[in-house]
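Okay, hi everyone, let me put this one up on the screen.

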Amino acid sequence: MINEFVKPKVGISTCLLGEAVRYNGGHKLDHYIRDTLGKFVDFVPICPEVEAGFGTPREALHLHETENGVVMLTEKSKEDLTEKMTSWSRNKLKEIEDIELCGYIFKSKSPSCGVYRARIQREEKGVNLNGRGLFAQEFISAYPQLIVEEEGRLHDPVIRDNFIQNIFINHRWNELNKNRSIRGLMKFHESLKYSLMSHSPRILKEMGPIVANSNKIDTDEVFDLYKVKLVEALKELSDKKKNKNVLDHIMGYFKNNLDKSEKAELKEVINNYYNGLLPIIVPITLLNHYVKKYDDIYLQGQFYLNPHPLELMLRNHV
């Protein structure tokens, strides 16, 4: 049973919440993250450079590639802060290991927090623009199954929708994990059928036997096997083709309820979504109308039809 009063916990680079912790005494406030998403999650803010004791304001930091690996140096004095940052990061990860994080939003391009686009100076080979910050590297190594993103990439509607869906699915998983039971896992899997289908129909098929044969192996082993597949499935982005497949499947539940004109309208709306003429919220809203009208209990429990608060308006743009 999901506790509706407990919000998902999401790690975040402190500067994205408007706190003046940047090297120049500024911030990188993201209004959508703080003011919209922040209504529905509890943020766990972390600023590696401030918490590691580098101060604010401070010399800018840069990553440099050496024969011994990537190091973190101050811009002008060239002080090597690699060991200090790495040591602090590992201690911080131990400090937060009991917090059930459901995701993490990192500051892009940061020498400590960048996930995909941290700048690494290379003497002879030029600049590597696809590096990873030192804290982000330690975090991802410690939590390989947890979804992480950069704030810049969250401006992409598909990536944003996928990330926030993951947050709420991970929250449901954490709640389920507190009281492990095969019956609970079966209900969880059932509710995620169409969400998983929208990400990876192939992996969904692989997950079925894990649940179906759960009475033959230890409960903890079942949960561990299932979590691996859950993470694999959710890492695959949904797209129009996979979503259309799901929408068509759900439409099939109403083949004996809808008249000819209603079926034609629903089919047209789904096709218009597939062809890029309508956002997915339109067919989803129409399907939810029929779910409520015909009181379909199974579909009422499908996470796919209501994966996150409407106020986030994620499906208005996908």
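So, β3 and strand β6, residues 118-121, pair in the parallel sense over 2 bridges; strands here are DSSP runs of E, at least two residues, helices are runs of H or I, at least four residues, both numbered from the N terminus, and two strands pair if DSSP finds at least two bridges between them. Within that pairing, Leu 63 sits opposite Ile 120 in β6. Before I go on: this is a predicted model, where local features need pLDDT of at least 70 and side-chain atom pairs count only at pLDDT 80 or more, while totals for chains, interfaces and linings use all residues. Residues are numbered from 1 along each chain as its sequence is written, and side-chain values use heavy atoms, with hydrogens and water left out.

Zooming out, the open sheet runs β4-β3-β6-β7, 4 strands with mixed pairing. β4 (69-74) and β7 (128-131) are at the edges with a single partner strand each, so one side of each has no neighbour in the sheet. Neighbouring strands are turned by 45° against each other on average, direction ignored; axes are lines fitted to C-alpha atoms, for helices over the stretch in contact, and angles run from 0 to 180 degrees between N-to-C directions.

There's another open sheet of 4 strands, β2-β1-β5-β8, and its pairing is parallel. β1 (residues 9-13) is joined to β2 by 5 bridges, and Gly 11 stands opposite Val 44 in β2. Helix α5 (residues 157-177) packs on this sheet, touching β1, β5 and β8, and its direction makes about 150° with that of β5. Contact means heavy atoms within 4.5 Å.

On to the helix pair. α3 (residues 82-95) and α4 (residues 134-142) pack at about 35°, axes 9 Å apart. Among the residues making the contact are Trp 88 and Leu 93 of α3, and Phe 135 and Phe 139 of α4.
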